[in-house]
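Dear colleague,

Please find the structure for your review below.

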Amino acid sequence: EIAHDTLKHDFRNIDPSKTRILLFEGGERILPTYPAELSAEAEKSLATLGVSVRVKALVSDIRPNLVIIKRDEAMEEIRCHTVVWAAGVQASALGRAIGKATGASVDRGGRIAVEPDLSVPGYPDIFIIGDLANYTHQGERPLPGIAPVAMEEGKYVARVVAARVAGKPAPRFHYVDRGNMAIVGQASAVAEIGRLRFSGYFAWLAWLFVHLMKLVEFENRVLVFVQWAWYYFSRNRAARLITGETAAACES
């Protein structure tokens with residue numbers, strides 16, 4: 001959308017709307033944590049935006065002006081001038097520092113394996129929440145590092161502290177999953193809320209409503225709503241590029 005709409009008329013010598021966008025997914029489908037039918041709807045929405053989705057595709061090698069993709073046993077070379085690698089998520093360095101000081105287990109992403117009450121093993125007065133916590137006491141996989149999980153963890157730890165001050169026991173943490181949503185593009189999203197699964201425009205509206213309601217203060221909600229409305233009708237996002245000689249002049 002940025003290439004096809006926002007930056008479309010910002011250059012004299014290039015046409016950003018001719019941008020070729022490829023999305024590679026190493027698994028069987030995109031959005032693998034969602035039901036298969038929602039993954040299919042997301043792929044359809046991406047196709048309408050001009051995005052070519054290729055599954056079972058892994059980046060095998062990156063060379064100057066070249067990216068090599070492996071699909072099954074076949075290799076594909078993609079010529080490109082600039083490569084930006086931004087895959088994966090790494091936790092704050094604080095996690096490894098705490099792990100080194102306490103002897104707590106730290107996973108590949110730098111997250112600390114916590115107790116059922118979100119405390120560091122052997123240190124009941126140190127709590128870890130949010131992206132830094134690896135909570136494996138509920139389900140086969142650790143809880144995802146998303147805002148709803150962090151918010152519930154924060155409320156839970158507050159209750160634990162209050163219970164300890166009052167001399168009362170506190171139950172173990174249990175995350176209540178109220179559903180998942182993913183925005184795919186303008187006026188398109190997928191949503192899974194309990195047994196309810198839907199996609200498209202209404203899922204997008206639900207995504208907007210939920211995110212607005214999670215903002216603090218009524219004034220912030222109104223401000224963000226007005227900004228979103230402006231972006232929707234004008235298709236003009238706050239994204240601009242400084243390139244070439246102008247960039248060199250700015251750096252000097």
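Helix α4 supplies the largest share of the lining of the largest pocket, namely seven residues. Please bear in mind that this is a predicted model. The volume of the largest pocket is about 1300 Å³. Its lining comprises 36 residues, and those closest to the centre are Ile146, Tyr175, Asp177, Gly179 and Asn180. The elements that contribute two or more residues to this lining are α4 (147-165), β10 (180-185), β11 (188-193) and α5 (201-214). Sorted by class, the lining of the largest pocket holds 17 nonpolar, eight polar and 11 charged residues.

The second largest pocket has a volume of about 870 Å³. It is lined by 19 residues, of which Leu22, Phe24, Val67, Cys80 and Thr82 are the closest to its centre. Two or more lining residues come from each of β1 (21-25), β3 (57-63), β4 (66-71) and β5 (74-79). Of these, β1 gives the most, with four residues. The class counts for the lining of the second largest pocket are 15 nonpolar, two polar and two charged residues.

I also examined Ser105. This residue is located in the loop between α3 (93-102) and β6 (112-113). Apart from neighbours within four places in sequence, Ser105 has contacts with Arg111, Ile112 and Ala113. Between the C-alpha atoms of Ser105 and Asn134 the separation is 9.5 Å, while the two residues are 29 residues apart along the chain.

Yours sincerely

Methods. Residues are numbered from 1 along each chain as its sequence is written. This is a predicted model: local features need pLDDT of at least 70, side-chain atom pairs count only at pLDDT 80 or more; totals for chains, interfaces and linings use all residues. Side-chain values use heavy atoms; hydrogens and water are left out. Contact means heavy atoms within 4.5 Å. On a 1 Å grid over the protein atoms alone, a cavity is a set of points where a 1.4 Å probe fits but cannot get out, and a pocket is an open set with protein on both sides within 12 Å along at least five of seven lines; lining residues have an atom within 4 Å of a point. Grid points are joined across faces, edges and corners, and a volume is the space filled by probe spheres set on the points. Ala, Val, Leu, Ile, Met, Phe, Trp, Tyr, Cys and Pro count as nonpolar, Asp, Glu, Lys and Arg as charged, and the others, Gly among them, as polar.
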